Amino acid sequence: MSNLPNCPKCQSEYTYEDRDVLVCPECGNEWKAGVEDESGNDPQVVKDAHGNVLQDGDTVTVIKDLKVKGSSSVVKIGTKVKNIRLVEGDHDIDCKIDGFGAMQLKSEFVKKA
Ligand SMILES: [Zn+2]
């Protein structure tokens with residue numbers, strides 16, 4: 001038995017895998033495996049140090065002194081960062097910090113405010 005999900009369009013269970021997509025023979029629908037249908041969830045989930053899910057526009061607090069790359073400045077613990085934007089990559093938060101300008105942070109070093 002396969003454990004492929006049913007077709008999100010017509011709920012057919014006769015779906016099959018074709019390379020990296022799933023195909024429904026009944027309605028011809030094709031979709032990417034591994035992406036939940038209609039869940040409304042972003043495939044990329046970014047969590048703060050306590051496991052809270054972060055979203056674009058959130059305000060977070062820095063929980064660790066962070067050295068700013070290429071300078072001697074340090075973003076101090078407790079610094080509030082408003083209106084974050086989630087991005088892909090090692091540093092998954094794009095933001096602007098007063099006095100520092102545009103920065104990228106790691107979500108593991110912040111907590112949701
Ligand atoms: Zn279908």
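In what order do the 3 strands of the open sheet come? Hold that thought for a moment. You're looking at a predicted model, where local features need pLDDT of at least 70, side-chain atom pairs count only at pLDDT 80 or more, and totals for chains, interfaces and linings use all residues. Residues are numbered from 1 along each chain as its sequence is written, and side-chain values use heavy atoms, with hydrogens and water left out.

Back to the sheet: the order is β10-β11-β12, with antiparallel pairing. Strands here are DSSP runs of E with at least two residues, numbered from the N terminus, and two of them pair if DSSP finds at least two bridges between them. At the edges sit β10 (85-86) and β12 (101-105), each pairing on one side only. Now look at β11 (residues 93-97), which pairs with β12 over 5 bridges. Take Asp94: its bridge partner in β12 is Gln104.

Next, find the zinc ion. Its protein donors, 2.3 Å away, are the SG atoms of Cys7, Cys10, Cys24 and Cys27; a donor is an N, O or S atom within 2.8 Å of the metal (3.2 Å for Na, K and Ca). Along the sequence, these residues follow the spacing C-x2-C-x13-C-x2-C. Cys10 lies in the segment before β1 (16-18) and Cys27 in the loop between β2 (21-23) and β3 (30-32), so this pair ties together parts that are 17 residues apart in sequence.

Why is the arrangement called tetrahedral? Because the 4 donor atoms subtend angles of 106 to 115 degrees around the zinc ion, and four donors count as tetrahedral if all angles lie between 85 and 135 degrees. Cys10, at 35% relative accessibility, is partly exposed, and Cys27 is partly exposed at 36% (buried is under 20%, exposed over 50%, partly exposed in between, using a 1.4 Å probe and protein chains only).

Definitions and conventions:
Tetrahedral: all angles 85-135°; square planar, octahedral: opposite > 155°, others 65-115°. Helix = DSSP H or I, 4+ residues; strand = E, 2+ residues; numbered from the N terminus.
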